[in-house]
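Please load the coordinates in your viewer and keep the selection panel at hand. The stops below proceed from the overall fold to individual side chains.

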Amino acid sequence: MDNYPAIPPRQPRRRRFALLFWLKILAIVVALVVAVVLITRLYRAVSNSEITIGASQQIDITPQQIQSIKAIGQWEFLTVSDEELIDTVRSGFFSDDRLSRIYYGTMRLGIDMHQAEPGWIVARSDSLCVSLPPIRLLDSDFIDEARTKSFFQSGRWTATDREAMFHRAHRRMLSYGLTSDNILLARKNGEAQVRQVLGSMGFKRVHIEWRSEEHSR
């Protein structure tokens with residue numbers, strides 16, 4: 001008999017399938033380990049860089065917006081209407097002459113934006129700080145002379161006499177209209193209007209201050 005080398009028996013298919021299965025498992029485990037290492041290094045790098053992400057609360061107002069507010073000019077916050085009866089008597093030798101006249105006036109209280117000082121509106125962090133001129137009488141010629149009428153008249157009176165009565169009526173109306181209560185009310189109305197205008201521009205936090213009369217002189 002010839003002596004030929006023995007042929008090894010074939011391995012069963014089950015062993016080959018088992019070997020492939022464990023090779024796949026090993027590859028998956030290696031990939032997971034690599035992924036964990038990379039994620040850990042990336043996390044440490046981001047943490048060490050101290051990156052802070054957040055929404056900025058800083059606001060700003062443009063020169064165009066400031067100019068559009070100043071362009072308002074005279075800004076009326078309160079209207080005060082008044083009527084005054086002015087009476088004057090002139091003594092005569094036989095009788096006294098008398099003149100009584102009724103005057104009507106409408107006083108407008110507010111501010112003149114052209115009197116706003118440099119830096120009157122500035123942005124600070126998330127708020128606008130506004131410094132407004134003092135409340136004033138916007139028009140000193142507030143008596144409606146067309147409505148003025150004589151209530152009683154005896155004797156003869158000159159234009160000078162009537163002018164003196166006009167100035168008396170003017171002073172009385174000023175004392176009636178420019179009271180501390182009316183000025184406070186005008187300020188309250190003014191703050192509401194200013195906040196409304198700035199709110200329409202997108203500014204929600206507004207701090208308002210009023211310049212004093214002494215500071216404006």
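Helices (H or I, at least four residues) and strands (E, at least two) are DSSP runs, numbered from the N terminus. On that basis the protein has five helices and seven strands, and their order from the N terminus is α-α-β-β-β-β-β-β-α-α-β-α. This is a predicted model, in which local features need pLDDT of at least 70 and side-chain atom pairs count only at pLDDT 80 or more, whereas totals for chains, interfaces and linings use all residues. Residues are numbered from 1 along each chain as its sequence is written, and side-chain values use heavy atoms, with hydrogens and water left out.

**Whole chain.** Begin with all 217 residues, of which 26% count as buried; buried means under 20% relative accessible area, exposed over 50%, and partly exposed in between (1.4 Å probe, protein chains only). Next, display the contacts (heavy atoms within 4.5 Å). Among those with a separation of 6 or more, 80% join residues 24 or more positions apart.

**Strand S4.** Select residues 127-132. Five of these six residues are buried, so strand S4 is largely enclosed by the rest of the structure. Ile 121 stands opposite Val 130. The two strands form a hairpin with two residues between them, and Ser 125 in the turn has a positive phi of about 60 degrees.

**Strand S7.** Strand S7 runs parallel to S4, with five bridges between them, and Val 206 is the bridge partner of Leu 128. In a regular strand the side chains alternate between the two faces of the sheet.

**Nonpolar core.** A nonpolar core is a set of buried Ala, Val, Leu, Ile, Met, Phe, Trp, Tyr and Cys residues joined through side-chain atoms within 4.5 Å. Which members of the largest core touch the most other members? Select Tyr 103, Ile 111, Val 130 and Leu 198, out of 34 residues. Strands S1, S2, S4 and S7 and helices H3 and H4 each supply at least two residues of this core. Center on Leu 198: beyond its neighbours within four places in sequence, its contacts are Ile 69, Ile 121, Leu 128, Val 130, Phe 203 and Val 206.

**Salt bridges.** A salt bridge is a side-chain nitrogen of Lys or Arg within 4 Å of a carboxyl oxygen of Asp or Glu. The whole structure holds five.

- Arg 98 and Asp 87 meet at 2.8 Å, N to O. The pair links strand S2 to strand S1, 11 residues apart.
- Arg 211 and Glu 117 have their closest N and O atoms 3.7 Å apart. Arg 211 lies in the loop between S7 and helix H5 and Glu 117 in the loop between S2 and S3, so the pair ties together parts that are 94 residues apart in sequence. Arg 211 is buried, with a relative accessible area of 8%.
- Asp 126 and Arg 205 meet at 2.4 Å, N to O. Asp 126 lies in the loop between S3 and S4 and Arg 205 in the loop between H4 and S7, so this pair ties together parts that are 79 residues apart in sequence. Arg 205 counts as exposed, at 52% relative accessibility.

How values were computed: Two strands pair if DSSP finds at least two bridges between them.
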